[in-house]
Amino acid sequence: MDVQNAQQAVDEWIKNHGVRYFNELTNMAQLTEEVGEVARIIARRYGEQSEKESDKNKDLGEELADVLFVVLCLANQTGIDLQEAFDKKLDLKAKRDHDRHQNNEKLK
């Protein structure tokens with residue numbers, strides 16, 4: 001599924017299962033909460049913090065999908081074509097960062 005179809009799928013889900021979109025500020029707070037859950041898993045599973053027994057079954061993919069869902073909601077609410085924005089960003093990064101990363105001694 002491409003990003004444009006994902007945006008449409010989220011919009012259809014909201015229409016069929018939700019009442020309406022939460023307002024943008026609520027969704028921003030929700031996004032922050034979901035990113036925090038991702039950060040907790042990564043810090044404990046891949047970082048130096050020990051992982052609590054209760055966190056060992058947490059699904060990183062599920063938490064990343066939560067982040068994506070809220071990002072898609074925000075894009076829909078604010079009229080952003082996220083596929084177009086992503087394509088532009090990827091093109092910009094390819095042009096701007098190719099040599100910079102290739103010449104970065106820290107990455108070798």
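Reader: Hi! I'd like to start with Asp 55. Where does Asp 55 lie?
Author: Asp 55 lies in the loop between helix 2 and helix 3. Helices here are DSSP runs of H or I with at least four residues, numbered from the N terminus. This is a predicted model, where local features need pLDDT of at least 70 and side-chain atom pairs count only at pLDDT 80 or more, while totals for chains, interfaces and linings use all residues. Residues are numbered from 1 along each chain as its sequence is written, and side-chain values use heavy atoms, with hydrogens and water left out.

Reader: Thanks! Is Asp 55 buried or exposed?
Author: Asp 55 counts as buried, because its relative accessibility is 6%. Buried means under 20% relative accessible area, exposed means over 50%, and partly exposed is in between, with a 1.4 Å probe and protein chains only.

Reader: And what is Asp 55 in contact with?
Author: Leaving aside neighbours within four places in sequence, Asp 55 is in contact with Arg 40, Arg 44 and Arg 45. Contact means heavy atoms within 4.5 Å.

Reader: Let's move on to Ile 41. Where is Ile 41 found?
Author: Ile 41 is found in helix 2. With 5% relative accessibility, Ile 41 counts as buried. Leaving aside neighbours within four places in sequence, Ile 41 is in contact with Tyr 46, Lys 58, Asp 59, Leu 60 and Glu 63.

Reader: Asp 59 is in that list. What does Asp 59 cap?
Author: Asp 59 caps the N-terminal end of helix 3, with a side-chain oxygen 2.9 Å from the backbone nitrogen of Gly 61. For a polar contact, a pair of N or O atoms must be within 3.5 Å; within protein, one must be able to donate a hydrogen and the other to accept it, and residues adjacent in sequence count only if both atoms are side-chain atoms.

Reader: Nice. What span should helix 3 have?
Author: Helix 3 covers residues 60-77, and at 1.5 Å a residue its 18 residues should span 26 Å. Its end C-alpha atoms are 26 Å apart, which agrees. The expected span is 1.5 Å times one less than the number of residues.

Reader: What comes after helix 3?
Author: Gly 79 follows helix 3, and the phi of Gly 79 is positive, near 75 degrees.

Reader: Which residues of helix 3 are buried?
Author: Those are Leu 60, Glu 63, Val 67, Val 70, Leu 72, Cys 73, Leu 74 and Ala 75. The buried residues of helix 3 pack against helix 1 (3-17), helix 2 (24-45) and helix 4 (82-102).

Reader: Let's take one of those. What does Leu 72 touch?
Author: Not counting residues up to four places away in sequence, Leu 72 touches Val 3, Ala 6, Gln 7, Val 10 and Leu 82. Leu 72 and Gln 8 are 64 residues apart in sequence and 9.0 Å apart in space, C-alpha to C-alpha.

Reader: Now the core. Which residues make up the largest nonpolar core?
Author: Leu 31, Val 38, Ile 41, Leu 60, Val 67, Val 70 and Leu 74 make up that core, seven residues in all. The largest share of this core, four residues, comes from helix 3. A nonpolar core is a set of buried Ala, Val, Leu, Ile, Met, Phe, Trp, Tyr and Cys residues joined through side-chain atoms within 4.5 Å.

Reader: What lies apart from this core?
Author: Another core, of six residues, lies apart from it, and among them are Ala 6, Val 10, Ile 14 and Cys 73.

Reader: Changing topic: how much space lies in the largest pocket?
Author: About 200 Å³ of space lies in the largest pocket. On a 1 Å grid over the protein atoms alone, a pocket is an open set of points where a 1.4 Å probe fits, with protein on both sides within 12 Å along at least five of seven lines, and lining residues have an atom within 4 Å of a point. Its volume is the space filled by probe spheres set on the points, which are joined across faces, edges and corners.

Reader: Which lining residues are closest to its centre?
Author: Of the 13 residues that line the largest pocket, the closest to its centre are Trp 13, Ile 14, Phe 22, Gln 30 and Phe 69. Helix 3 gives the most to the lining, with four residues.

Reader: Where is the place of Phe 69?
Author: Phe 69 is in helix 3. With a relative accessible area of 29%, Phe 69 is partly exposed. Leaving aside neighbours within four places in sequence, Phe 69 is in contact with Val 10, Trp 13 and Ile 14.

Methods: Helix = DSSP H or I, 4+ residues; strand = E, 2+ residues; numbered from the N terminus.
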